[in-house]
Amino acid sequence: MERLEAFLEWGGTKKDITLLVIGGIALLCSIFGWGNLPFDPAWIAIVLCGIPIILEAVIGLVTAFDIKADVLVSMALIASVCIGEDFAAGEVAFIMQLGALLEDLTVAKARAGIEKLVHLTPRTARVVSGGTERVIPAEEVQVGDRIRVLPGETVPVDGVIRSGQTSIDQAVMTGESLPVDKGEGDEVSSGTVNQFGAFEMEATKVGEDSSIQRMIRLVQSADAGKAKIVNLADRWATWIVVIALASAGLTWLITEEIIRAVTILVVFCPCALVLATPTAIMAAIGNATRHGFLVREGDALERLARVAKVTFDKTGTLTFGTPQVVAVVPLDGATGKETLYAQAACAEALSEHPLGKAVVRGFREAGLGEIPTGEDFQMLPGRGVQVKCQGRQVAAGNPKLLAQLGIDLPAGAQAAAEQWLQEGCTVIYCGVDGGLAGFLALSDTLRPQAAQTIRRTREAGVEPVLLTGDNANAAQHIAGQLGIPEMKWNCLPEDKLNYIDACQGKDQPVCMIGDGINDAPALKKAFVGIAMGGVGSDIAVDAADIALVNDDIQELPHLLRLARRMMFTIKCNLTFSMTLNFVAIVLAILGILNPVVGALVHNAGSVVVIVNAAFLLNWKYKPHDDKAPAQPAPAAGEGEAA
C-alpha cells in the first residue's frame with residue numbers, strides 16, 4: 001500500500017485517478033445502458049474529464065494565446081455535445097485525460113535536493129584572536145581571520161594553512177578517493193574534512209565566495225539552463241487546429257451537413273498523438289528499471305537518445321572508490337613480502353587514515369595470519385605512523401616521515417616506487433630499525449565490467465570521456481586500461497561543468513555519469529545526468545535524471561540503445577496515428593463515418609499505439625538491431641588538463 005501511495009503521489013494525484021475511474025465506469029454504463037439515470041451517463045465523463053480540458057484551453061488562449069492540443073479537443077467536445085453525440089464527447093474527454101495522466105506520470109519533476117548540499121556548509125568556525133579562541137557563525141568570518149580546525153571538523157571557509165600538519169578529505173570538492181596531506185602554505189577549501197591533526201589557517205575566501213557556496217550556485221544555474229522537451233502534440237497543435245477547422249468548415253459549406261463537420265473535429269482529436277510519446281516512455285522506463293536504472297525525469301530517455309558523448313567520473317564510477325594494496329615490494333634483501341606486509345599492518349593497525357585501514361584490510365583478506373600486536377603507537381599527521389612491533393621499531397608513511405627519522409631513500413628505491421606512482425598509485429614506505437625495508441603500493445581498483453562497458457559504449461556510437469579530480473598519472477593509467485581516448489584530470493566541479501557546457505555549445509549533447517557531491521553541478525548541466533545510486537551521495541542522485549541503483553555500469557550500453565529504440569517506436573506511433581487520422585478525415589468528409597464511429601476508429605488507433613509501445617517492456621538489444629555503423633573511436637592521445 002505504501003508503494004501504491006508513493007506511486008500516486010509521484011505521478012499524479014489520487015483525485016485524477018478517481019475521476020478517470022468514475023468517467024470510465026460512466027462510459028461503460030452509457031454503452032450497455034446500465035443504471036436508471038434521467039440523463040446519458042456519458043455526461044459524467046464529459047463533466048469530470050472534459051471540463052478541466054476546456055478550462056485549461058480557455059485559460060491558455062486568454063492569458064498567453066497559447067494554442068495547444070486541448071484547444072482542438074475542446075472544440076470537438078463542444079461540437080459533439082451541440083449535435084447530441086454525448087458518448088463521442090465523453091469518450092474523447094476520457095481518452096485525453098488518460099493521456100494527460102500518463103504524461104504526468106512520465107514527466108514528474110524530481111526535487112533538486114539542493115537543500116542537502118546546503119547542509120554541508122559549515123555553520124560555525126573557531127576564530128583565534130589574541131591568544132583566545134571563540135566560536136562564531138561561519139558566515140561572520142572575515143578575510144584574514146585566523147581559524148583553528150580540529151580533527152574531524154569541516155573546514156568553514158577557504159584559506160591557507162599557517163601552522164600544523166594534517167590530511168584533508170577533499171572528496172566533496174574533487175572526488176579524489178584518497179585524502180591529501182596538507183602542511184604550512186597549502187590551500188584548503190570549505191566543505192572539506194580535516195582527518196587528523198589540528199591546524200590553524202588564514203581565511204582567504206568567505207561567505208558567497210567560498211568553494212561550497214560556489215558549488216551550490218553551480219548546481220542551481222545548471223538546473224535552470226537545462227532544456228525541456230515539449231510534447232509533440234502541443235508543438236504541432238496550431239497547425240492541427242488550423243487544418244481541422246478549415247477541413248470542417250469547408251465540409252460544412254460544401255455538404256451542408258453539420259454532422260460531417262463535427263465528425264472531422266472528433267477524428268482530428270490528437271488522442272493517439274498525445275499517447276504516442278508517454279506510453280513509449282513509460283514502457284521504456286519499465287524496461288530500464290529491470291536493468292537497474294531508476295528514471296527520475298520523464299524526458300530523460302528522450303534526451304539520452306541524442307547524446308554524442310558520455311563523460312565518466314573515475315572514483316566510484318569506473319572504480320570502486322576504495323584504496324586497495326596492489327603491490328608489496330621489499331627492498332633490503334633480508335625482508336620477505338609477508339614479513340614486510342605484516343610489519344606495515346602492525347604499524348597501521350591503530351591508524352584512522354583510509355590508507356592505513358586499507359593496509360590492514362588487505363592483510364586480513366590475504367589470509368596471512370594474525371596482525372602482530374604493536375606498542376607505543378604514534379600518529380604523525382601529514383607523515384605517517386610509528387610503532388614498536390615484535391621488538392623492532394617500525395615506521396610507515398611518506399618520504400617526509402623517512403626524512404624526519406633519518407632514513408635514506410636510495411635512488412633505486414625511488415625508481416622502483418616511481419613505476420607505481422606513474423600508474424596513479426599511492427606509495428607507503430616502510431622503515432624498520434632506522435633502515436628502509438620496502439614499500440606498499442595502493443590504488444583504487446577498476447570495476448571488473450568497466451572495460452566492457454567502455455567498449456560497448458563506443459560500439460553504440462557514443463564517445464566516452466574521462467573527467468576526474470585525480471592527478472594526471474592516475475587519469476592516464478585508467479584511461480589507458482579502458483581505452484578511453486579523451487580525458488581531463490585535476491577537475492574541480494566547475495571544470496567538469498565548463499567542459500560539458502563547451503561540448504553542448506558545439507551541439508554535442510553530453511551524458512554525465514558520476515557518484516560524488518562534486519559531480520552534482522555536472523550532472524545538472526549535462527543533457528542527461530546518471531548517478532551511481534548505490535555508492536553515490538544523495539546529492540548526486542537528486543541532481544541526476546537517472547539513478548543506477550545497483551552500480552552495475554555494464555548495463556549502460558543497453559540503456560543507450562533502449563533510448564534510441566524508444567524514439568524509433570515513438571516515431572512509428574506518430575506516423576501511424578497521423579496516417580489513421582487523415583484516412584478517417586477523408587471517410588468523415590465522404591459521410592462514411594459518424595461522430596461515434598469516428599471516435600471509436602481513432603481511439604482504436606490509440607489502442608494500437610499503446611500495444612506497440614508495450615513491446616518496449618521486454619525489448620533487449622540484439623546485434624542486428626543496429627543498422628548504422630558505430631562511430632569510429634578517435635585516436636588515443638595524452639589527454640588534457642582541465
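Helices here are DSSP runs of H or I with at least four residues, and strands are runs of E with at least two, both numbered from the N terminus. This is a predicted model, in which local features need pLDDT of at least 70, side-chain atom pairs count only at pLDDT 80 or more, and totals for chains, interfaces and linings use all residues. Residues are numbered from 1 along each chain as its sequence is written, and side-chain values use heavy atoms, with hydrogens and water left out.

**View 1. Trp43 sits in helix H3 (residues 42-64).** Have a look at Trp43: it is partly exposed, with a relative accessible area of 34% (buried means under 20%, exposed over 50%, partly exposed in between, using a 1.4 Å probe and protein chains only).

**View 2. Helix H15 covers residues 337-348.** From first C-alpha to last, H15 reaches 16 Å, close to the 16 Å expected for its 12 residues (the expected span is 1.5 Å times one less than the number of residues). Nine of the 12 residues are buried, so H15 is mostly covered; among them are Tyr341, Gln343 and Cys346.

**View 3. Six strands form an open sheet.** Follow the order E2-E1-E3-E9-E4-E7, with antiparallel pairing (two strands pair if DSSP finds at least two bridges between them). Strands E2 (132-137) and E7 (187-188) stand at the edges, each with a single partner, so one side of each has no neighbour in the sheet. Two bridges join E7 to the antiparallel strand E4 (residues 158-163), and Val160 stands opposite Glu187 in E7.
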